Amino acid sequence: MIALLRRDLMLAFRAGGGFGLGLAFFLIVTVLVPFSVGPQSELLSTIAPGVLWLGALLACLLSLDRLLALDFEDGTLDLLATAPLPLEAALSVKALSHWLTTGLPLVLAAPVLGLMLNLAPSGFMWLIASLALGTPALSVIGTFGAALTVGIKRGGLLMSLLVLPLYVPTLIFGAEAARRGAMGLDPGTPLTLLAGITLGTIALMPFASAAVLRMTLR
Amino acid sequence: MSLWEYANPVKFLGLSARVQPYLWAAAAICVVVGLTWGFFATPDDYRQGSTVKIIYLHVPAALMAINAWFMMLVTSLIWLIRRHHVSALAAKAAAPVGLTMTLIALVTGAIWGQPMWGTWWAWDPRLTSFLILFLFYLGYIALWEAVEDPDTAADLTSVLCLVGSVFAILSRYAVNFWNQGLHQGTSVPVATGGRTVADVFWYPLLISMVGFGLLFLSLVLYRTGTEIRLRRTRALLARSRKDV
Amino acid sequence: MPELGKYATEVMAAYGASLLLLAGLVLLTLRKGRRARAELAKIEAQRRG
């Protein structure tokens, strides 16, 4: 498992793009927002938590089709499916490496972008907390979407259509926690619910992902 | 004699051909009676004016939109567990019907909301959940279209339906939490324990709901038959190609 | 024709749009069904013949 994780991480760092791309996308989306809604700092600080969450979500989505597609083409997935390691575990590792290369950098970059959007000072901690809690769920759900569409030619757009509705609860609770934090309210309830969603999806989604991947590979 | 006998496509087609004329007739009668009664013969509400008549479309459509997804969930499970092709095809056949029902519920709701709430659309929990349901239907149908091998397509869409159901319920509670509603409570007494609609509005509404249900059933039976024939055509074509 | 008052447009639009959607669904269903039937009949006739 560790070898697989190391391999995935190496590929992500080396293959040029996979790693930095999500981050760059996040940066650009956030920079474009003031252009589209105007530079008033009060307005920006109201919408900052939501914009940052949406940016993070889209950046996650963008990197999903690389998650399994390359391994599917060169046959690595067939090897993984017949390996002694259960496919569920292999896909969990894949999701983890996706989170390490996409989710974690987003979490770390979010405060800097928060500064640019004039996020309220009390909001930074909760923004980081909510992103750190929520992005693993995005990776795990995304793995399911990637597994579902991996056998389809040009499945990228279809995958977005399938994954985005699944992201709704995570987005609602995550952005709500960040928003309440920024407004100085108690973000405890949405944060707890977000943690619940993350833990639940981490526990259950790999089984669904492995099931659909087996159906595709069969 | 058991229900599973109808997992045999020939038996299914036979039974469905026998009951369909009655079903279509009953559906047509109920829909026409319910809607014309509602449209021509009910009084206006003292606050909503004549817009109350939209309820005879809106509520039945919304009801069937949810029931259609539920039916797809059940048939998907049957396919995954017992692998009856008819079951998977019934789920495929039901999806566009459910999509249309969702669309009707959304459109009539928007038209009603414009004069009553002063807005076509509000980010209210019920409205938002229906929009999400609409997206799930779109994704489900798109996945059926995209996968070439029919059995794989049935497998993948079934799992999507299961996972989607869980997330649809999650979203339902999430949006409740996210915004307090503008939408009034349900008008269907099974859900509320007591009736909130007066008799004059209730009877045509009931007939209309029964009509939409029967219409859904007839459409699904007919469409399932279509899917079975398409599948058989495909199989025969493949076989004759092999013979040559 | 019932008296619809000032909301006549809305009510008519709602009924119009819904009936249109339903009619479209039924028509598409019937058309697809008839095609499938015809095609299957053709192929089965070929196999026998």
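Trainee: What makes a feature count here, and how are residues and chains labelled?
Mentor: Residues are numbered from 1 along each chain as its sequence is written, and chains are lettered from A and ligands numbered from 1 in the order in which they are written. In this predicted model, local features need pLDDT of at least 70 and side-chain atom pairs count only at pLDDT 80 or more, while totals for chains, interfaces and linings use all residues.

Trainee: What are the confidence scores of chain A and chain C?
Mentor: pLDDT is the predictor's confidence in each residue, from 0 to 100. Chain A averages 86, with 96% of the residues at 70 or above. Chain C averages 84, and 88% of the residues score at least 70. Within chain A, helix α1 (residues 2–14) is lowest, at a mean of 73. Helix α7 (residues 123–149) of chain A is highest, at 91. The model scores ipTM 0.83 and pTM 0.86.

Trainee: How do you know which chains touch?
Mentor: Two residues are in contact if their C-beta atoms, placed from the backbone, lie within 7 Å. Two pairs of chains are in contact, and chains B and C share the most contacts. Chain A and chain C do not touch; their nearest C-alpha atoms are 23 Å apart.

Trainee: What makes up the contact between chains B and C?
Mentor: Chain B gives 31 residues and chain C gives 24. On the side of chain B, α1 (9–41), α3 (85–117) and α7 (199–243) give two or more residues each. Helices here are DSSP runs (H or I, at least four residues), strands are E runs of at least two, and both are numbered from the N terminus. The largest share, 12 residues, comes from α7(B). By class, this side of chain B has 16 nonpolar, 10 polar and five charged residues. Ala, Val, Leu, Ile, Met, Phe, Trp, Tyr, Cys and Pro count as nonpolar, Asp, Glu, Lys and Arg as charged, and the others, Gly among them, as polar.

Trainee: And what of chain B against chain A?
Mentor: There, 21 residues of chain B contact 19 residues of chain A. The largest share of the chain B side, 12 residues, comes from α5(B). That side divides into 17 nonpolar, three polar and one charged.

Trainee: Why is α9(A) called roughly antiparallel to α5(B)?
Mentor: Helix α9 (residues 188–217) of chain A and helix α5 (residues 150–178) of chain B pack at about 170°, with axes 9 Å apart. Axes are lines fitted to C-alpha atoms, for helices over the stretch in contact, and angles run from 0 to 180 degrees between N-to-C directions. Under 35 degrees is roughly parallel, over 145 roughly antiparallel, 65 to 115 roughly perpendicular and the rest oblique. So α9(A) is roughly antiparallel to α5(B). Residues that meet include A:A208 and A:V212 in α9(A), and B:L156 and B:V159 in α5(B).

Trainee: What makes α8(A) mostly covered?
Mentor: A residue is buried if 20 or more other C-beta atoms lie within 10 Å of its own, exposed if 12 or fewer, and partly exposed in between, with C-beta atoms placed from the backbone. In α8(A), 21 of its 27 residues are buried. Of the 49 residues of chain C, 16% count as buried.

Trainee: Where do α3(A) and α8(A) bend?
Mentor: A bend is the angle between axes fitted to the seven residues ending at a residue and the seven starting there. Helix α3 (residues 41–62) of chain A bends by about 50° at A:A48, and A:P49 follows within four residues. Helix α8 (residues 156–182) of chain A bends by about 40° at A:Y167, and A:P169 follows within four residues.
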